[in-house]
Amino acid sequence: MQQKSRPFDIAKVRMHRRELADGVYAVMAADVEETDHTATNAGFVVGDSGVLVVESLSNGRLASQVIGAVRAVTSLPIRFLVNTSFHGDHCFGNFAFPSQTVIIHHEATKRAIDERFEQDRAFMIDLLGANVGIEEVVSRSADIAVSGACSVDLGGKHVDIEHIGFAQTDGDLVVRMREDNVVFVGNMLQAPPPAFPWLLEGRADEALATYRRLYELLDDGTLIVPGHGRPMRRADVLHSIAYLEELTGLAREAQGKGLSADQVREALGMKEYSDYSMYESIHFEVNVPAVLNAQ
């Protein structure tokens, strides 16, 4: 039997700290410069009074690597932890953080973790494999749940946390380090081109509107940390916008024509996006069915 393809090998992931601006760090997989889709990114910002961390990753081992990256820089307390979505590779490490750390989610993310944790655990085990630490995760959801926007003052560093709309989940958050114009967007953006959006919950038209809103929110100097790849720039967002515009347009044209499965695959092939390593699995198995079912 053919072994299931994994987006990354969680057992082999080693996270490394990368300074993006004064006191602002990404924590990224060691192979981030070698591939177009890596393990989940995290990050942190250090102010005069403490630290805010973005994402806790997939299990306790990877969460400990994030905490270790913080401790290599400062002994200040980790005051806040923000999860950009409920997906396990972004929040399953929450339990490894100090009990005093205040966790911030969108209210939809908190609701999903509180109500659907075991469902998401099963999904993540199927996606990333069994016996890699996901079974040992303990659910820990938000202490503070936001519906729109909030800001955190770390002393000399301000972090603006905002929900601008549905992209991949109802609770997607944009986390901006205000003084440094660095933003963490989670799976709102998977990675720089050739990566494109994953429509895991469908709703392509809503996602497209959110991508356009994100593009307008940023400026050409903004450094963007995506969910699973190298830092990117505002112009890279246009790649995701163009992909969704073409995909939804082709789906509308194909709908109602009575095409066979092979004809649909041909009509919605979009081979100009095939350089992405996840093209076959995500484009054809996730995104194409999502837009066709929505028509």
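How many nonpolar, polar and charged residues does the lining of the largest cavity have, by class? The count is 7 nonpolar, 6 polar and 1 charged. Here Ala, Val, Leu, Ile, Met, Phe, Trp, Tyr, Cys and Pro count as nonpolar, Asp, Glu, Lys and Arg as charged, and the others, Gly among them, as polar.

This is a predicted model, in which local features need pLDDT of at least 70 and side-chain atom pairs count only at pLDDT 80 or more, while totals for chains, interfaces and linings use all residues. Residues are numbered from 1 along each chain as its sequence is written, and side-chain values use heavy atoms, with hydrogens and water left out.

**Cavities and a pocket**

The structure holds 4 cavities of 30 Å³ or more. A cavity is a set of points, on a 1 Å grid over the protein atoms alone, where a 1.4 Å probe fits but cannot get out. A pocket is an open set with protein on both sides within 12 Å along at least five of seven lines. Lining residues have an atom within 4 Å of a point. A volume is the space filled by probe spheres set on the points, which are joined across faces, edges and corners.

| Space | Volume | Lining by class |
|---|---|---|
| Largest cavity | about 120 Å³ | 7 nonpolar, 6 polar, 1 charged |
| Second largest cavity | about 60 Å³ | 7 nonpolar, 2 polar, 1 charged |
| Second largest pocket | about 150 Å³ | 3 nonpolar, 2 polar, 3 charged |

The largest cavity is lined by 14 residues. Asp89, Leu127, Asn187, Trp198 and His228 lie nearest its centre. Helix α3 (residues 107-128) gives the most to this lining, with 3 residues. Helices are DSSP runs (H or I, at least four residues), as are strands (E, at least two), numbered from the N terminus.

The lining of the second largest cavity includes Cys91, Phe117 and Arg140. Among the residues lining the second largest pocket are Phe86, Arg116, Asp120 and Glu201.

**Nonpolar cores**

A nonpolar core joins buried Ala, Val, Leu, Ile, Met, Phe, Trp, Tyr and Cys residues through side-chain atoms within 4.5 Å. Buried means under 20% relative accessible area (1.4 Å probe, protein chains only).

The largest core has 43 residues, and Leu214 and Leu268 have the most contacts inside it. β11 (182-186), α4 (204-217), α5 (234-254) and α7 (279-294) each supply at least two of its residues. α7 gives the most, with 8 residues. Apart from this core lies another, of 35 residues, among them Val51, Phe86, Ile103 and Val132.

Key. Buried means under 20% relative accessible area, exposed over 50%, partly exposed in between (1.4 Å probe, protein chains only).
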